[in-house]
Structure formats: structure tokens, C-alpha cells
There are 2 protein chains.
Amino acid sequence: MRSVRIGLLGFGQVGAAVARAAGAAQERVRARGLDLVVICALVRDARRPRDLDADAPPLTDAVDTFLSRAYDVVVEVLGGTEPARALVTRALDRGVPVVTANKSLVAAHGAELRALAARRGTSLRYEASALAGVPFIDTLARRPLVADVSRLSGIVNGTSHYVVTAMEAERLPFAEALERARRLGYAEPDPSADVGGRDAAEKLALIGAHVGAPGLSPSAIETTGIDTLEPGDLAAARRLGGAVKPIVFAALEPAGITAFVGPAFVDARHPLAGLEGCANGLRLEGRYVGDLFYSGPGAGPDVTAATILDDVVETMTATGGWAGAATPASGPPCRPPDTAWLARLDFPGDVPDETSLAEFLGAYGVWIRRADGEARGRVRRFLTSRASRARLEGALAAIGAASGAETRAIRVLEA
Amino acid sequence: MRSVRIGLLGFGQVGAAVARAAGAAQERVRARGLDLVVICALVRDARRPRDLDADAPPLTDAVDTFLSRAYDVVVEVLGGTEPARALVTRALDRGVPVVTANKSLVAAHGAELRALAARRGTSLRYEASALAGVPFIDTLARRPLVADVSRLSGIVNGTSHYVVTAMEAERLPFAEALERARRLGYAEPDPSADVGGRDAAEKLALIGAHVGAPGLSPSAIETTGIDTLEPGDLAAARRLGGAVKPIVFAALEPAGITAFVGPAFVDARHPLAGLEGCANGLRLEGRYVGDLFYSGPGAGPDVTAATILDDVVETMTATGGWAGAATPASGPPCRPPDTAWLARLDFPGDVPDETSLAEFLGAYGVWIRRADGEARGRVRRFLTSRASRARLEGALAAIGAASGAETRAIRVLEA
């Protein structure tokens with residue numbers, strides 16, 4: 001039996017779940033010849049009152065005290081980029097392997113941290129940082145043909161997905177659905193990174209690094225939040241043959257990379273359209289293998305902890321050859337794609353008939369592909385032809401100016 | 001650049017695809033520092049006229065000639081258990097790693113071959129042997145928490161799935177749909193292993209070995225073919241809130257393992273219900289991670305070849321720690337589960353009303369949960385309560401004896 005001394009950076013919900021899971025999974029992990037022991041956890045304030053289990057690890061808020069211990073693996077569950085980056089760097093620099101679930105850290109600093117780990121002959125694993133319950137990142141890192149992806153699309157943020165699902169199922173306005181998510185623990189007190197799309201953009205950048213789109217900067221990806229959606233949009237989407245979901249998308253062409261993050265109309269035949277609640281999913285369209293789809297839980301302390309512990313087991317049993325170092329540090333820039341759109345026009349007065357509307361928009365290079373036949377009141381929704389954002393917004397601005405209509409549009413993700 | 005000398009056992013469709021893919025993927029694989037070269041292929045009859053590419057490898061039908069060469073990896077694409085087992089054993093015995101797509105071989109001899117590989121310090125990889133385009137087997141082997149599965153269900157045979165999909169989409173009888181599959185290359189000249197369910201049972205046994213159900217014998221798993229299905233069954237299933245699919249299922253409980261292979265009514269909310277055509281899918285319900293779902297291509301020479309080559313890359317780059325040896329050789333026996341059923345009664349004369357039918361069957365311990373309201377002619381279909389096969393067949397035998405009705409039933413897979 002080999003003792004595995006784990007140092008925890010952080011002891012919040014996920015950190016505590018890791019300590020609990022190490023106990024609960026003890027027998028299964030011992031069957032692999034490993035005995036996991038969390039010997040110390042670094043927290044911001046060790047004197048803050050906490051509700052600790054009897055077998056919680058010793059806590060310290062002194063970095064030097066934490067780093068004075070000898071660890072076989074350091075698990076980082078602080079979140080955020082600092083001090084996580086600095087502490088992970090110190091561990092890797094000493095040749096101590098690190099396991100993290102921190103997509104912000106990996107999206108911002110993954111390349112340099114992977115390179116550091118490789119230089120020191122150790123590893124950085126982060127399977128739990130995107131689609132927390134679904135192991136796929138290391139698979140892509142180790143297998144070059146399946147990683148040769150031409151297009152990827154996914155639902156990678158459980159908070160947004162839960163909110164959109166609740167909005168549709170119960171016809172709730174966004175704010176009420178978000179409040180419910182907060183009450184149930186599916187949204188944080190400050191949910192802006194989730195509903196605003198930043199979390200999803202970071203995950204897209206992280207995944208991109210493993211499928212031939214390295215160096216994506218989350219802030220350079222067109223990112224739209226879900227806060228301007230209305231229940232009427234979701235119902236109309238169903239009538240139009242799809243569903244509105246919070247989407248990440250990237251296409252990798254020889255000419256360059258296109259990508260976007262935000263709510264999108266997803267064709268009903270697309271596997272993502274069938275997901276709901278907090279579920280995450282990822283579809284990879286590859287040049288060699290074809291069409292792959294993974295789905296599963298995207299978050300949750302116990303799910304995240306289980307994936308972290310599986311990463312710990314892999315770290316201790318993969319006695320050589322860690323694939324993470326193979327990801328390059330930078331790649332081509334990305335721009336948003338041309339897509340079809342689901343547009344919403346809210347007229348203050350008389351509503352033009354569909355023919356007039358179609359003619360007007362057509363003059364601006366945007367055509368109506370399918371209109372929602374159950375239009376109510378002064379709202380009209382329709383799917384458009386493919387257009388650049390500039391062209392689409394030009395057409396909507398023109399109809400807005402001509403009629404006073406409020407206009408909105410979200411992108412379309414084709415099957 | 002490291003040269004990787006590949007020896008191919010077999011040069012049929014898949015073998016030729018492996019040789020082609022090694023050329024097509026050369027650049028991508030070289031980016032990993034590997035240069036793949038197929039230096040020899042063993043075939044049954046080297047003098048048989050073949051349509052070979054210009055860069056096909058040299059062929060031989062002399063085993064000793066083949067084995068006299070030095071290989072870094074042997075790829076087995078003969079299929080069947082012999083001589084595949086004997087030849088793979090000889091390679092592993094010499095410490096040469098093997099990659100295979102042969103589920104029959106792995107289902108029948110996986111435990112002993114894995115053990116031999118471990119004793120000789122080498123590896124046996126077979127990612128392409130189940131859900132050929134979806135890498136998941138090694139993930140389960142390496143990660144103990146995600147592999148702690150309580151229930152699994154899947155569609156693992158593309159031929160059967162294509163046939164059932166075609167039967168439904170075009171209302172074709174089984175024999176016509178099978179003939180179309182053969183014409184399009186989705187079924188072999190002798191499709192009995194596919195449509196009879198043996199292929200699927202072997203894959204279930206293979207997967208079982210990696211999720212805590214080792215030692216399943218394919219012949220000990222209740223296996224039913226798809227040949228007694230009618231288009232009317234498939235349409236009725238949709239009306240009843242589900243779809244008929246060719247299913248593998250296993251539940252792993254402390255009391256023991258239950259499993260079945262065969263056509264089943266799948267609740268529409270189950271992720272497998274949304275698949276069609278040749279697609280394969282696998283749902284794992286785990287104790288730590290929750291509900292995972294993978295789907296993708298299950299077969300096809302180019303897809304299989306790509307997965308085989310990714311296994312070759314992993315073999316050459318994983319300089320230590322191959323997880324496959326961890327699977328035990330045997331485990332608890334399995335029996336079929338109690339499930340609900342989708343029953344079909346075909347009356348030769350007067351058809352009893354639903355109340356009489358329900359009372360009759362209820363006396364035998366089987367209740368009607370939901371009847372197909374669009375019953376036509378003398379056929380009645382309905383979903384039953386949960387019952388053992390013995391109880392269900394007893395009730396159907398009784399109604400058959402009392403009314404002369406022909407009776408059939410398939411299992412239900414709950415969401």
C-alpha cells in the first residue's frame with residue numbers, strides 16, 4: 001500500500017467534498033494500492049468558525065506552513081487566478097504534481113503551467129475544470145486522431161442551463177428563475193460569471209487548447225449573457241423546431257477559428273437540444289472519428305471531488321508519459337462565425353405583415369427562413385438566413401428605426 | 001523522431017483502413033514524435049487477388065515469416081477468437097504490445113491476455129472493440145471512481161440499430177430493412193451475430209469487466225435478436241412515450257448482477273432514445289459521478305482504424321503504468337432483471353376489451369400500465385408493470401391458451 005499525501009489549497013465546498021470523498025472512496029482506491037490522506041489544507045482565515053467533520057484535515061492560513069509539508073499531490077480548489085497561480089507554480093516548481101478544477105486558472109495560465117510541469121518532470125491535471133463529471137480532456141490530450149476536431153459545440157455552464165430550463169418549464173422571467181437557482185444552490189451569490197458567459201468562455205478556451213485551437217483568450221471570444229431571454233423566446237424556439245440553450249461553439253478551419261459563447265437556438269436534432277437542468281454536454285465533430293457526444297453533470301461539489309480524486313489516482317499511477325505538455329502555447333486568433341439567427345421584434349404600434357417584413361429585411365440582406373406562426377400581440381419571432389452579426393444588426397437597426405420596434409437576436413446552432 | 005514498426009494481423013477492410021490511416025494521419029502523429037510504419041501484414045492467403053494501394057504493406061500468409069520480424073506494436077484485425085488468440089498470445093509473450101478491435105477475443109479471453117501482458121511488462125489495448133469511435137474503456141480502467149457504476153445501458157451494435165431505425169422510418173419489415181443494410185454495407189453477408197445479439201452480448205461482457213462486473217460470459221447473458229420486431233411495434237412505442245432500440249443493460253447491486261441484451265422499449269427521456277441509424281451510445285449511472293452518456297460511431301473501417309491508431313500512439317507514449325491489468329478475472333454470476341414489458345397480442349378472432357384483458361392478466365400478476373390507444377385490427381399492445389420473465393410469460397401463455405392469440409413481449413428500459 002502506497003501512502004498518498006495530499007495537500008489541499010482551499011477548504012470551501014469543493015475542498016471539504018474532496019476530503020469527504022477521500023474517506024468514502026477509500027476501499028476502491030486501496031484496491032489500486034493507494035491510501036489517500038489529506039494531511040493539510042490552506043485557507044484564507046484558519047480562525048473563521050467552520051462546521052468541520054471530525055476527520056477534517058488540519059487547516060492553516062500560513063502559506064509557508066502549508067508549503068513546509070511534503071506532499072505527493074497538491075489539489076487546488078481555491079478558484080480564481082490569484083493566489084491560485086502563484087501557489088500552483090510553487091508546487092510544480094518543486095516537482096510536486098498538481099490536480100485542479102479551476103478553469104479560470106487553466107484558461108489564463110494553462111500553457112505556462114503545463115510547460116513548467118513538463119520541465120520539472122511532473123504533471124498538471126484538470127479533468128474537473130470543464131464538464132466536471134465527464135472525463136474527456138486527458139483523452140483528447142493523449143489521442144491525436146480523436147482530437148482532430150473541425151467543430152465543437154457544448155453546454156458547459158450548469159447555472160445558465162438550469163436557469164434557461166426553469167424559465168422554459170415554468171414560464172419564469174429570467175430574474176425569478178435565477179433567484180430559484182440561487183435558493184437551490186445552482187447559482188452562486190454573485191452569478192455574473194455564470195449567467196454572463198465568462199465561465200463558459202474560459203471553458204471553451206480550455207477545451208480549445210486540446211483540439212487544435214490553443215491560445216484562445218476568453219476575453220477575445222464573443223460572449224453574450226442569458227439575461228435578456230424571455231420565456232416567450234423559449235416557447236417560440238420549440239415551435240420553430242429547436243430549443244434555446246446556453247452554448248459554446250468553435251469551428252476550426254484552415255482559414256482560421258470562429259467561436260462564440262451565448263444563448264443560441266439549437267436545432268432539435270442536435271444532441272445538445274435534448275439536455276436539460278444542470279446537465280453539461282459536448283459535441284465534437286472530428287475529421288477521423290466523426291461525431292462524438294459526451295454529457296453528464298457539469299458541477300457540484302461531490303461530482304467535482306470524485307473527478308479530482310480520479311485525477312489524483314491517475315497522477316500516482318501514470319508512472320510516465322503525461323500528455324498535457326503536448327498542448328502548444330498559442331494559436332490563430334478567433335472571430336465570431338456567420339450564423340443564422342433567431343430574431344425577436346417587439347413593435348410599439350402596428351405590426352407589418354410577414355411579406356412586408358420579409359421584403360424590408362431582404363433589402364438589408366437578411367431573409368426570413370421560418371417565422372413563428374403563433375405570434376402573439378406585437379411580438380414577431382423568426383429564424384433568419386445565415387448572416388454576419390454586422391449585417392444582421394444593420395437589418396434590425398433599420399427595422400427598428402423605421403418602426404420603433406425593439407429588436408433582439410440570438411445565434412443559431414445547426415444540427 | 002521515433003520509428004514505430006507495426007505488424008498487422010489481418011488485411012481485410014479494417015486492416016487496409018489502418019494502413020491508409022497511418023499514411024493520412026502521418027503529420028499529426030509525427031507532431032507527437034512518432035513515425036508509424038506498417039512493415040508487414042499476415043493474411044490467410046497471400047496469393048488471393050487483392051486490390052491493393054500502391055503503398056500497401058508486404059503481405060505474407062506464413063506465421064513464422066510474420067513473427068520473424070521485429071515490431072514495436074502488433075495490431076490484430078483478424079476478428080474471431082482463433083487464430084487471433086494464439087497469435088496475440090505469441091506477441092504478448094515476447095513483450096510486444098498489442099492493439100486490437102476484436103471484441104470477441106477480448107470478451108472471451110481478455111482477462112488471461114491482460115494478465116499475460118502485465119507479466120511481460122507490456123500492454124493490450126482495445127478501445128475500438130466497443131463503441132469503436134468513442135474512447136472510454138481506458139478512461140474507466142484508469143479512473144476508479146467514475147468506474148464505480150451501478151447501472152449501464154447502451155446501444156452497441158450499429159447493424160441492429162440501423163435496421164431498427166430503417167424499419168421505423170420507412171415502415172419496412174425486418175427482412176427488407178436487413179437487406180437494405182446489407183446493400184449499404186451496414187450489415188455483413190452473415191449478419192446473425194449482429195441481429196441475433198451475440199455481438200452486443202460480447203461487448204456488454206467486455207464493458208462489464210471495467211465497471212465492476214468482471215467475468216461475465218456472453219453466453220450466460222439473456223440475449224434476444226431483433227428479428228421478431230414489426231414496424232407496428234416501433235410506431236406503437238412512439239405513441240406510448242418511447243422508442244424500440246437494440247439494448248444492452250446491466251445493473252450491479254450488492255445482491256448480484258442482472259443483465260439482458262435485446263430489443264427494448266426505451267423511455268423517451270432516456271438519452272439512448274434520441275439516437276438513430278448506426279450510432280452507438282452508452283449511459284453509465286455511477287455512485288460518485290452520477291449520470292454519464294457517451295455516443296458516437298460504433299463501427300466502420302475508417303473510424304475503427306483511427307481509434308486503433310490512437311491506441312498505437314498511447315501504447316508508444318505511455319512509458320509506464322498501463323491500467324488494463326487491474327481488471328479481475330472473474331466475478332459474480334448474472335441473471336436477467338425484472339423489468340416492465342411491452343407486450344403484443346395478436347388475436348385470431350374476437351378481441352377482448354381492455355377491462356377484460358386487464359382483469360385476466362391481473363390474475364396472473366401482470367398489470368397493464370399503459371395501452372396503445374390506436375390499436376388496429378386484432379393487435380393490442382401495452383406496457384406492463386414490472387415482472388419477472390417467468391411471470392410475464394406465464395400470463396401471456398394463459399391469454400394465448402384462452403384466446404388463441406399470438407403473444408410477444410420485449411423488455412422496458414426505464415429513463
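**Chatting through a predicted two-chain model**

Colleague: Let's start with B:Arg125: is that residue buried or exposed?

Modeller: B:Arg125 counts as buried, because its relative accessibility is 6%. Buried means under 20% relative accessible area, exposed is over 50%, and partly exposed sits in between (1.4 Å probe, protein chains only). Keep in mind that this is a predicted model, where local features need pLDDT of at least 70, side-chain atom pairs count only at pLDDT 80 or more, and totals for chains, interfaces and linings use all residues. Residues are numbered from 1 along each chain as its sequence is written, chains are lettered from A and ligands numbered from 1 in the order in which they are written, and side-chain values use heavy atoms, with hydrogens and water left out.

Colleague: Okay, which residue forms a salt bridge with B:Arg125?

Modeller: That's B:Glu314, with the closest N and O atoms 3.9 Å apart. The two come from distant parts of the chain, 189 residues apart: B:Glu314 is in helix H12 of chain B (residues 301-317) and B:Arg125 is in strand S6 of chain B (residues 124-125). B:Glu314 is buried too, at 3% relative accessibility.

Colleague: What counts as a salt bridge, though?

Modeller: You need a side-chain nitrogen of Lys or Arg within 4 Å of a carboxyl oxygen of Asp or Glu. Over all chains, the structure holds 75 of them. As for helices (H or I, at least four residues) and strands (E, at least two), they are DSSP runs numbered from the N terminus.

Colleague: Which helix holds both A:Asp138 and A:Arg142?

Modeller: Helix H6 of chain A, residues 137-142; the two are four residues apart, about one turn of the helix. A:Asp138 is buried at 11% relative accessibility, and A:Arg142 is buried with a relative accessible area of 11%.

Colleague: Why would residues four places apart point the same way?

Modeller: An α-helix has 3.6 residues a turn, so residues three or four places apart point the same way.

Colleague: New topic: how is chain A divided?

Modeller: Into domain 1 (2-126), domain 2 (143-297) and domain 3 (341-413), with bounds from an automatic or database domain assignment.

Colleague: How far apart do the C-alpha centres of domain 2 and domain 3 of chain A lie?

Modeller: They lie 24 Å apart. The contact (heavy atoms within 4.5 Å) takes 24 residues from domain 2 of chain A and 15 residues from domain 3 of chain A.

Colleague: And how much area do domain 2 and domain 3 of chain A bury between them?

Modeller: About 1700 Å², with 56% of it on carbon and sulfur atoms. A:Arg239, A:Leu240 and A:Phe265 supply 41% of what domain 2 of chain A buries against domain 3 of chain A, more than any other three residues. Buried area here is the accessible area (1.4 Å probe) that two parts lose on being put together, summed over both.

Colleague: How many salt bridges does the rule find across the interface of domain 2 and domain 3 of chain A?

Modeller: Eight. A:Glu230 and A:Arg381 also pair up, their side chains meeting in a salt bridge at 3.8 Å, N to O.

Colleague: Last one: how many of the 11 residues of helix H10 of chain B are buried?

Modeller: 10 of the 11 residues in H10 (residues 198-208) of chain B are buried, so the helix is largely enclosed by the rest of the structure. Among them are B:Asp199, B:Lys203 and B:Leu206.
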